[in-house]
Amino acid sequence: MAATLSTPSAQKAKHAEQARPSGLFRRKAGDHDKAGPVAYVLLALAAVVSLFPLYWTFVAASNTGERVAQSPPPMVPGGQLWTNITTAWDQADMGKALLNSTIVAGCVSLSTVLFSTLAGFAFAKLRFRGRNALLTLVVATMTIPPQLSVIPLYRIVTKLEWGNQLQSVILPSLVAAFGVFFMRQFLSEALPFELIEAARVDGAHSLRIIWHVVFPIARPAMAVLGMLVFVQSWNDFFWPFVVLTQQNPTVQVALSAIGGGSGHDINQAVIMTGALVGTLPLLLIFAVLGKHIVGGITSGAVKS
Amino acid sequence: MATHVRAEAPPARPAWRSRLYRFDLKASPYAFIAPFFICFAAFGLFPLIWTGWLSLHYVDLLKPDVMEWRGFGNYTRLWSNDQFWTALRNTFTIGVISTVPQLLMALGLAHLLNYRMRGRGFFRVAILAPYATSIAAATLVFVQLFNPDYGFVNWMLDAVGIHPNWYSETWPSQIAISTIVTWRWTGYNALIYLAAMQAVPKDLYEAASLDGANRWQQFTRITIPSIRPTILFTIIVSTIGATQLFGEPMLFGGGVGVSGGSAHQFQTLSLYLYELGWPSRQLGRASAVAWTMLLLLLLIGLVQYLITRYRKRHELGG
């Protein structure tokens, strides 16, 4: 950022000298991209709105069910977190759910990153007939709602007796149009043609080029895509909800069981504990790698 | 003789090699994109067509091999079904009240984040945090916050003396569900806008501010026109997302989630599809809803396309 900011300021000085000699205007021009107090207040407000529900999840998960069901609602954490966690663990198989979600999201993100990088590389840097038409088709597939394939997929899965098994959730998401597009956008800017040509002159075949040229350069984008897909897969709801049961759930399916029950004896604190446990792994990833994820999204992933 | 052999033999290997090289050059692009298209054909296109075929039949979830021809009967039945129209209307209204404020706020936030400021990294991660929260977790939390009796929202609203029931009343329940959607996606869209805004040449702003344009004018005259393709992209993605809305209303409704509230006051098309296909076991009718959703999306896409084409022509003409 520092590098991009230095160039405009040099131009700025020149502009200011040419257009308005007055020092007052030059100052104004220099400050044009600096945040004022209003911007800080509004952004702080947005941050509070974004973070408050997460904070409150923790508050509710650490209080008793009776306390959560009182008005005014609790605002500070209590000491019930461990009790609630054990209850939630008993009510829905949270341990298995966390393991299942890790397996599913792990497989899906690994394969999506691999296949998307291959396809993205081909679309960005290789010449072949029908390239543009096929790329348009890839983007167009993003618009088809998953609901359209759910019924036949459900039938296929039950025919194969894969109902309630993880591969029925993993297989349909092995590669995503979004990922192909993402890697294509990244590689068309980041990978110079000269590098591929040089490798070809040295006699490298395509797989060698992939391994020794494309992967090293694409690594940051692959990491970001991996995280985005992991989040998406971890949070996927509709298809897992249709095909899995409480005997072998992902986190989201287990959460739907904790929250889906009706009646007054339901313990709200335990529900919130489930939500907390199901979200915590992702929030931890975010706390550690958030800057990279943000960087990945803002570094031109979806500029078109 | 010797020269002849020397002339023949050495090219033999390079010829084989160069043929392999050319084959590699020609075929490998297709090999690289093949996984996507195979996956799409198997899990996207083929089921899509099969759904269309199913929608012309009566099919029971438990006896899916027995298919009874219905022609367009499932579709005409939808046409005259009140619940379908309610679901369609709900999908539309929830879509509008979740998408429009969301994208407007995202634009504003992106504009603010584009300023030079302290703590920029923190703000960016903070507004993206809801994106890491799953539909299920977020909805369960908001169910608590919107609880009419002890929820945080009504506790605050008591101060101004209104006390809506966020479940049973139509508009409040739809607003509550839209709030969940908006909360989860605003930050993500803001970052996408921010990416586009950072690509806008800084000189444009320099020139404008020297010409005396204030920040609002810079925003409306430079920023918005420059990032129009990205705005269009987010509108399309959000429209698709809104059409598919399922998890939020489903879990928001708790025990009556599948029917979208006791009076279907927040049942979306996706929920209606699920209710028809699974609890009611009528896969044929559910397939008809699925295809209706696809046709609606195509219709919306067509309208968007015509609007952009009209506007382009209009601008060129004027």
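For chain B, the UniProt record, an unreviewed entry, lists the feature "transmembrane region" at residues 27–50, 92–113, 125–146, 175–196, 230–247 and 288–307. Two of these spans were examined in the structure, which is a predicted model.

Chain B is assigned two domains, domain 1 covering residues 12–69 and domain 2 covering residues 81–317. A distance of 33 Å separates the C-alpha centres of domain 1 and domain 2 of chain B. The contact between them draws on 11 residues of domain 1 of chain B and nine residues of domain 2 of chain B. On the domain 1 side, helix 1 (2–54) and strand 1 (57–59) of chain B are the elements that each supply two or more residues. By residue class, this side of domain 1 of chain B consists of six nonpolar, four polar and one charged residue.

Within chain B, A263(B) lies in the loop that runs between helix 11 (247–252) and helix 12 (269–277). A263(B) is classed as partly exposed because 14 other C-beta atoms are found within 10 Å, a count that falls between the limit of 12 or fewer for exposed residues and that of 20 or more for buried residues. The C-alpha atom of A263(B) is 26 Å from that of R184(B), and the two residues are 79 residues apart along the chain.

Turning to chain A, the secondary structure comprises 15 helices and zero strands. Chain A has 304 residues, of which 43% count as buried. When contacts in chain A between residues at least 6 apart in sequence are considered, 74% of them join residues at least 24 apart.

The interface between the two chains involves 91 residues of chain A and 86 residues of chain B. On the side of chain A that touches chain B, helix 15 (residues 268–298) of chain A provides the largest share, namely 15 residues. The composition of this side of chain A is 55 nonpolar, 28 polar and eight charged residues.

Notes
Residues numbered from 1 in each chain as written. Chains lettered and ligands numbered in written order. Predicted model: local features only at pLDDT ≥ 70, side-chain atom pairs only at ≥ 80, totals over all residues. Contact = placed C-beta atoms within 7 Å. Helix = DSSP H or I, 4+ residues; strand = E, 2+ residues; numbered from the N terminus. Nonpolar A, V, L, I, M, F, W, Y, C, P; charged D, E, K, R; others polar. UniProt positions renumbered as here; feature names shortened; annotations may be inferred. Domains from an automatic or database assignment.
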